[in-house]
Amino acid sequence: MTARPTQSTSSLFKPLANAEAPVDIWFNDAPLRVPGGRSVAAALLAAGVARFRSTPVSGAPRAPYCMMGACFECLVEIDGVPARQSCMVEVRDGMRIRSQEGARDLPPELMQDATPAATQNAPALENADGR
Ligand code: FES
């Protein structure tokens with residue numbers, strides 16, 4: 001009896017024959033060469049990245065699900081901008097991408113708009129990491 005071939009778990013994604021040249025990016029401060037000509041999410045998945053963010057409450061790991069901008073499971077920080085849908089942004093050479101841990105920080109401009117009267121009885125503004 002011969003053993004049945006098992007499904008490869010290295011990547012569920014196969015490159016197209018006319019795939020564009022690879023690009024060099026940074027993911028969580030580590031250099032990474034990924035396939036070009038596709039979304040950040042597709043490029044990271046093809047490179048073997050499985051954890052894109054963590055949930056704000058439990059810290060459970062999350063990764064892209066719909067790949068079409070509907071589920072928001074693929075949120076990452078791209079070039080310093082938090083909460084970007086990585087499935088909706090094309091990967092470019094030199095991008096600095098970070099996984100999004102918990103809730104994103106509020107943009108500084110929103111913090112400056114908060115008036116003392118508006119924030120007097122409001123709960124402290126911080127994410128799960130205490131930022
Ligand atoms: S994977 Fe669903 S919004 Fe990006």
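Modeller: Before we look at any residue, note that helices (H or I, at least four residues) and strands (E, at least two) are DSSP runs, numbered from the N terminus. Residues are numbered from 1 along each chain as its sequence is written. The model is predicted, and for that reason local features need pLDDT of at least 70 and side-chain atom pairs count only at pLDDT 80 or more, whereas totals for chains, interfaces and linings use all residues.

Biologist: How many helices and strands does the protein chain have, and in what order do the elements run from the N terminus?

Modeller: The protein chain has three helices and seven strands, and from the N terminus on the order is β-β-α-β-β-β-β-β-α-α.

Biologist: How should I read the pairing of strands, and over how many bridges do E1 and E2 pair?

Modeller: Two strands are said to pair if DSSP finds at least two bridges between them. E1 and E2 pair in the antiparallel sense over six bridges, and within that pairing tryptophan 26 has proline 31 in E2 as its bridge partner. E1 also runs parallel to strand E7 (residues 96-101), to which two bridges join it, and here tryptophan 26 stands opposite arginine 96. Further along, E5 and strand E6 (residues 81-85) pair in the antiparallel sense over three bridges, with leucine 75 opposite glutamine 85 in E6.

Biologist: What phi does asparagine 28 take in the turn between E1 and E2?

Modeller: E1 and E2 form a hairpin with two residues between them, and asparagine 28 in that turn has a positive phi of about 50 degrees; asparagine 28 is a residue other than glycine. In the hairpin of E5 and E6, which likewise has two residues between the strands, aspartate 79 takes a positive phi near 50 degrees. Phenylalanine 72, in the loop between strand E4 (61-62) and E5, also has a positive phi, near 65 degrees.

Biologist: Is valine 34 buried or exposed, and in which strand is it found?

Modeller: A residue is buried if 20 or more other C-beta atoms lie within 10 Å of its own, exposed if 12 or fewer, and partly exposed in between, with C-beta atoms placed from the backbone. Valine 34 is found in strand E2 (residues 30-36), and it counts as buried because it has 23 C-beta neighbours inside 10 Å. Asparagine 28, with 13 other C-beta atoms within 10 Å, is therefore partly exposed, and phenylalanine 72, with 14, is partly exposed as well. In the protein chain of 131 residues, buried residues make up 20%.

Biologist: Which residues is valine 34 in contact with, leaving aside neighbours within four places in sequence?

Modeller: Two residues are in contact if their C-beta atoms, placed from the backbone, lie within 7 Å. On that basis the partners of valine 34 include Pro22, Val23, Ala43, Leu44 and Val91; the C-alpha atoms of valine 34 and valine 91, 57 residues apart along the chain, are separated by 8.7 Å.

Biologist: How many residues does the largest nonpolar core have, and which element gives the most to this core?

Modeller: A nonpolar core is a set of buried Ala, Val, Leu, Ile, Met, Phe, Trp, Tyr and Cys residues joined through C-beta atoms within 7 Å. The largest one has 18 residues, and those with the most contacts inside it include Val40, Ala43, Leu44 and Val76. Strand E1 (20-27), helix H1 (40-46) and strand E5 (75-78) each supply at least two residues of this core, with H1 giving the most, six residues.
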